Amino acid sequence: MSSLRNLLRTVALAGMSAALIAPAAVAHAEPSPADLTRRIETSSAELERVVESYNKLREEIKTNEASAARLQARIGPLEQQAEQSRADVTELATTAYKNGGLRTADALLRPGGSAALLDRLSTLDQLTRQRQERISGFTADQRRLLDEKAGLDATLKRQAARARQLAAGKKQIEQDLAKLYELRRQAYGAATERPEPKAAVAEAKNVPAVAGAAGTAVRYAFGAVGKPYVWAADGPNGYDCSGLTSAAWRAAGKSLPHNTRMQWGAVAHIGRGDLRPGDLVFYSGLGHVALYVGDGQVIDAPSAGRNVLRRGMNMMPIQGYGRVR
């Protein structure tokens with residue numbers, strides 16, 4: 001009987017051990033190619049949002065730098081004006097001290113008749129007004145100078161904060177990239193696609209005949225096919241999505257900010273039926289943008305690890321369409 005109890009106890013313990021071990025074995029099962037693909041797509045979308053936030057910070061820093069330069073350029077002349085005003089006021093004070101000024105009593109008591117008296121009173125009034133104007137001018141110049149300097153200080157402070165955010169954003173992107181590249185190694189055996197220099201040559205036969213600036217932008221985009229996705233880059237050796245569209249239109253003489261959301265704010269919004277080659281296609285959440293090249297096709301820099309390519313524009317939900325003004 002005791003041996004039967006021991007046998008049952010052994011069987012029960014074995015069953016419990018199997019139950020405990022089985023979930024762990026399942027948890028450590030290798031992900032399927034489909035699972036890896038989904039994870040890569042999710043990670044790529046998340047990374048692109050982070051990259052576009054980084055690009056937005058860079059654009060804001062450019063704006064701050066330009067504002068700071070304009071303020072600094074204005075401060076120099078204002079400092080000179082304030083210094084000149086200060087010298088004028090000092091000269092007035094020195095002259096008044098040396099000459100005793102023109103007092104009303106002196107003007108009234110000096111001989112010369114009523115005409116001379118009126119002249120002296122007029123001179124007194126004029127000098128008084130001039131002195132007051134100079135003092136007021138000095139005060140106004142000083143106030144403008146202080147206001148401009150305060151504006152510059154505020155701009156530089158914002159710029160320093162943006163720079164700190166930029167550094168933190170870059171660190172986050174590098175961490176996200178490392179995870180994404182590891183997923184790509186598991187799924188495809190390589191972290192990135194090989195650049196394809198000959199891809200643009202092969203695509204040359206597909207370039208549509210488009211006139212004007214839009215044609216220049218389209219030809220530029222075709223010339224970028226096969227080049228690698230490089231985050232925060234706008235060419236000529238690599239691009240992210242908004243970097244490609246801004247570079248293409250820069251070649252056509254138009255300035256677009258290197259950020260998808262800012263580009264959405266800069267273009268004229270159009271309907272799908274109005275699309276022409278050179279227009280921009282924006283995707284849901286404004287985390288991605290592509291250049292329309294006709295026949296339902298776009299050229300875009302897809303995501304980290306991939307190359308610029310031409311593909312159907314419906315590869316993800318579309319937010320809207322824009323025409324560069």
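Over how many bridges do strand E4 and E5 pair, and in which sense? The model before you is a predicted one, and in this model strand E4, residues 297-300, pairs with E5 in the antiparallel sense over four bridges. Gln297 stands opposite Gly312 in E5, and Asp300 stands opposite Leu309 in E5.

On its other pairing, E4 meets E3. These two strands, E3 and E4, also pair in the antiparallel sense, here over three bridges, with Gly294 opposite Gln297 in E4.

Six strands form an open sheet with antiparallel pairing, in the order E1-E6-E2-E3-E4-E5. From one strand to the next, the twist averages 40°.

Which helices lie against this sheet? H6 lies across strand E3 (289-294), E4 and E5, and runs at about 110° to E3. H7 also packs on the sheet, where it touches E2, E3 and E4, and its direction makes about 50° with that of E3.

I turn next to the aromatic residues. The structure holds three aromatic pairs, and I shall describe two of them. Tyr220 and Tyr239 form an edge-to-face pair, with 6.2 Å from centre to centre and 85° between the planes. This pair links distant parts of the chain: Tyr220 is in helix H6 (residues 212-224), while Tyr239 is in the loop between H6 and helix H7 (241-251), 19 residues apart. Are the two tyrosines buried or exposed? Tyr220 is partly exposed, because its relative accessible area is 25%. Tyr239 has a relative accessible area of 1%, so Tyr239 is buried.

The second pair is formed by Trp264 and Phe282, again edge-to-face, at 5.0 Å centre to centre and with 75° between the planes. Trp264 lies in helix H8 (residues 260-266) and Phe282 in strand E2 (residues 280-283), so this pair ties together parts that are 18 residues apart in sequence. Phe282 counts as buried, because its relative accessibility is 0%.

Asn55 is found in helix H2, which covers residues 33-99, and counts as buried at 1% relative accessibility. Which residues does Asn55 touch, leaving aside those up to four places away in sequence? Asn55 touches Ala232, Asp240, Ser242, His258 and Asn259.

Finally, I come to the largest pocket, which has a volume of about 490 Å³. This pocket is lined by 21 residues, and Glu41, Ser44, Ala45, Glu48 and Met316 are those nearest its centre. H2 and helix H4 (113-188) are the elements that give two or more residues to the lining. The largest share of the lining, seven residues, comes from H2.

How values were computed:
Residues are numbered from 1 along each chain as its sequence is written. This is a predicted model: local features need pLDDT of at least 70, side-chain atom pairs count only at pLDDT 80 or more; totals for chains, interfaces and linings use all residues. Side-chain values use heavy atoms; hydrogens and water are left out. Rings of Phe, Tyr and Trp (its six-membered ring) pair if their centres lie within 6.5 Å; planes under 30 degrees apart count as stacked, over 60 as edge-to-face and the rest as tilted. Buried means under 20% relative accessible area, exposed over 50%, partly exposed in between (1.4 Å probe, protein chains only). Contact means heavy atoms within 4.5 Å. Two strands pair if DSSP finds at least two bridges between them. Axes are lines fitted to C-alpha atoms, for helices over the stretch in contact, and angles run from 0 to 180 degrees between N-to-C directions. On a 1 Å grid over the protein atoms alone, a cavity is a set of points where a 1.4 Å probe fits but cannot get out, and a pocket is an open set with protein on both sides within 12 Å along at least five of seven lines; lining residues have an atom within 4 Å of a point. Grid points are joined across faces, edges and corners, and a volume is the space filled by probe spheres set on the points.
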